[in-house]
Amino acid sequence: MVTYIIRRLIWGVFMLAIVSVITFAIFFLVPRLTGATSESLASRYVGRTASAQQVKVAAEKLGFNDPLIVQYGRFAKGIVTGADYDYGPGVERCPAPCFGYSFLTRLPVWPDLLNRLPVTLSLALGAAVLWLIAGVATGVLSALKRGSVFDRAAMGIALAGVSLPIFFTGIVSLVLFSYGRPLAITAPGGSFTPFFDNPAQWAYNLILPWITLAFLYAAGYARLTRSGMLETMNEDYIRTARAKGLAERVVVFKHGLRGALTPILTIFGLDLGLLMGGAVLTESTFSLPGIGKYAIDAITNQDLPKVMGVTLVAAFFVVVANLVVDLLYAVVDPRVRLA
Amino acid sequence: MSFLELKDLRVHFPTDDGLVRSVDGLSFRLERGKTLGIVGESGSGKSVTSLAVLGLHKGTRAKISGEIWLDGEELVSASAEHVRTLRGKKMAMIFQDPLSAMHPYYSVGAQIIEAYRIHNDVSKAVARKHAIDLLGRVGIPQPDRRVDSYPHEFSGGMRQRAMIAMALSCDPELLIADEPTTALDVTVQAQILDLMRDLQQEFDSALIIITHDLGVVAELSDDILVMYGGKCIEYGSAEDIFERPEHPYTWGLLGSMPRLDRERTERLMPIKGTPPSLINVPTGCAFHPRCAFEPRTEGKGRTVVPELLETEGGHLVRCHLSLEERRATWENEIKPKLESA
């Protein structure tokens with residue numbers, strides 16, 4: 001078990017290193033290949049009004065003329081120890097982990113991301129709790145009452161849930177519950193209150209995004225749980241559980257759901273990891289100042305270091321989620337431990 | 001009244017293709033301390049019968065009629081909840097494939113503890129001690145350590161022993177073993193059968209062994225019931241069935257037993273054809289399409305369903321051939337073939 005954990009940890013660190021190489025390549029190698037010069041990269045930092053001479057100096061100082069491998073080394077070192085940016089007018093300190101330096105605001109990316117992380121985490125975790133409960137409960141009920149009116153209705157709604165995009169369901173729910181006069185019971189979006197300032201206000205501001213996002217995911221989980229439950233409830237060990245004289249409720253939850261839980265847990269971890277890197281559509285639709293919104297704004301403004309920072313943070317969450325899922329897998333399924 | 005008595009039990013499953021008559025009018029009795037072997041091919045209704053006794057068809061689409069009396073209580077008409085309280089305590093079951101019949105995510109001990117605590121209001125620690133005790137009694141070495149093992153960490157024979165320990169956890173008075181040795185090596189089979197015989201004597205429980213293997217029932221059974229197409233076609237003491245079998249299907253089963261004392265070329269005399277469809281059961285005698293003696297019934301085999309009639313001393317046979325004809329055929333045609341060659 002311990003060697004298993006260590007192996008997975010080493011693998012996770014290795015994955016992050018690979019991710020940093022790929023990210024670096026996307027933002028610094030690919031522009032070169034498509035014809036960008038070191039001057040045109042540097043000009044982003046000094047602005048369009050700068051003279052050709054200023055740009056040349058900046059390119060030299062920022063190290064864009066160095067071999068790519070040296071540039072990557074500096075980039076990686078920046079993430080670990082921080083870096084100094086010197087593009088002419090003065091030296092700017094970018095503390096570790098340095099994910100770059102915004103073209104527009106001339107501020108390091110990392111503190112920005114750190115400020116926005118609570119929004120994204122609040123959104124992702126709250127929605128995750130909702131969709132896990134709603135999806136699994138619906139799936140179990142559907143499986144047990146297979147072919148019933150409930151099953152058909154739930155699966156119909158689930159189909160709608162997985163098919164309808166957030167920007168549709170989000171706007172519809174905003175119109176109905178926020179802007180609609182008789183039903184205006186939730187916040188109109190765009191505001192975020194930190195949990196530790198006021199938990200009630202925090203939840204009130206987030207309830208609509210939570211439900212909208214959870215609806216999308218719950219639908220998939222309901223379908224996954226339903227098919228998993230249909231399979232496990234036909235297993236021999238369910239018959240054994242009944243033959244022991246267990247109450248049906250215990251048979252369903254302790255034996256049936258437990259058997260169907262493994263794939264659900266896997267998908268849950270990965271979904272959650274993916275969302276922590278920014279729920280782009282949800283945050284945009286509800287104007288939540290999270291990482292996803294930050295990424296969209298950065299892309300619109302062509303502020304590449306910000307985009308790169310979001311990419312790295314998102315990749316980090318996915319790798320960590322994978323790691324956690326792998327470890328949980330061994331806890332959930334005792335047969336994995338030997339592998 | 002007998003400890004267990006089935007009266008005209010019928011278990012039918014409505015399907016899109018028609019009504020599946022898995023069990024169609026089955027009656028038998030069983031006393032405490034006795035063993036009944038139920039023998040038949042796949043789909044003859046053996047397992048469906050045992051699940052019906054345990055009440056495991058309740059809440060499914062199965063249509064059950066007839067009576068099941070267990071220790072003076074009728075179970076077919078009893079509430080599902082009441083039968084549930086008997087399950088595991090008064091009657092328990094050992095299943096065929098212990099790997100798929102045990103939950104892969106719970107340790108063997110946890111599954112035995114669970115079974116014990118359903119019916120006994122004891123602490124986990126007490127139940128755990130009981131589980132270790134049981135594992136030791138069914139012959140698992142180092143039971144205090146193996147109690148925390150998972151089913152996949154056991155060998156096939158050990159798993160079946162654990163399964164037996166689980167079934168015995170509440171000292172059931174009726175134990176049903178559904179193909180208890182089918183998934184096991186031959187050497188392990190013998191050990192498991194010995195174990196079951198010893199435990200039955202120790203607990204004085206009634207035991208039903210369901211199998212397609214006559215060798216297994218020969219080891220253990222007092223009485224044998226041969227099923228075909230959901231009906232009993234021959235019933236008698238083990239001696240009746242092995243020494244004086246009267247039904248052509250039973251002859252076929254005996255001929256299908258591998259034996260070392262026969263010539264290699266003639267070692268097996270399989271029954272031709274396949275088991276009948278339980279939706280479109282053949283008219284007349286269900287066995288007639290596969291029966292070599294059907295021509296001797298003058299067409300009755302194809303049209304009339306034979307009655308289950310007593311020949312002598314509790315030996316029941318469902319066949320159109322006359323008693324004399326059956327005995328003569330067994331003595332002169334079948335027995336010599338099985339014994340010689």
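Of the 339 residues of chain A, 36% count as buried. The model is a predicted one. The secondary structure of chain A comprises 13 helices and 2 strands, and the C-alpha trace of this chain spans about 85 × 60 × 40 Å along its principal axes. When contacts in chain A between residues at least 6 apart in sequence are considered, 65% of them join residues at least 24 apart.

One pair of helices in chain A may be examined in detail. Two packed helices are described by the angle between their axes and the distance between the axes. Helix α10 of chain A covers residues 248-276 and helix α13 of chain A covers residues 304-332; their axes come within 8 Å and cross at roughly 160°. Because angles over 145 degrees count as roughly antiparallel, α10(A) is roughly antiparallel to α13(A). The crossing of these two helices, α10(A) and α13(A), is right-handed.

Which residues of α10(A) meet α13(A)? On the side of α10(A) they are Leu261(A), Thr262(A), Leu265(A), Thr266(A), Gly269(A), Leu270(A), Leu272(A), Gly273(A), Leu274(A) and Met276(A). Their counterparts in α13(A) are Phe317(A), Val318(A), Val320(A), Ala321(A), Asn322(A), Val324(A), Val325(A), Leu328(A), Tyr329(A) and Val332(A). Sorted by class, the contact of α10(A) with α13(A) has 15 nonpolar and 5 polar residues, and no charged residues.

Attention now passes to the contact between the chains. Chain A contributes 17 residues to this contact and chain B contributes 23 residues. On the side of chain A that touches chain B, α9 (236-243) and α10 of chain A each supply at least two residues. The largest share of that side, 6 residues, comes from α9(A). By class, the side of chain A that touches chain B has 5 nonpolar, 4 polar and 8 charged residues.

Within chain B, helix α4 (residues 108-119) deserves a separate description. Why is α4(B) described as largely enclosed by the rest of the structure? The reason is that 10 of the 12 residues of this helix are buried. The buried residues of α4(B) are Val108(B), Gly109(B), Gln111(B), Ile112(B), Ile113(B), Glu114(B), Ala115(B), Tyr116(B), Arg117(B) and Ile118(B).

Technical notes. Residues are numbered from 1 along each chain as its sequence is written. Chains are lettered from A and ligands numbered from 1 in the order in which they are written. This is a predicted model: local features need pLDDT of at least 70, side-chain atom pairs count only at pLDDT 80 or more; totals for chains, interfaces and linings use all residues. Axes are lines fitted to C-alpha atoms, for helices over the stretch in contact, and angles run from 0 to 180 degrees between N-to-C directions. Helices (H or I, at least four residues) and strands (E, at least two) are DSSP runs, numbered from the N terminus. Angles under 35 degrees count as roughly parallel, over 145 as roughly antiparallel, 65 to 115 as roughly perpendicular and the rest as oblique. A crossing is left-handed if the near helix is turned anticlockwise from the far one by less than a right angle, and right-handed if clockwise. Two residues are in contact if their C-beta atoms, placed from the backbone, lie within 7 Å. Ala, Val, Leu, Ile, Met, Phe, Trp, Tyr, Cys and Pro count as nonpolar, Asp, Glu, Lys and Arg as charged, and the others, Gly among them, as polar. A residue is buried if 20 or more other C-beta atoms lie within 10 Å of its own, exposed if 12 or fewer, and partly exposed in between; C-beta atoms are placed from the backbone.
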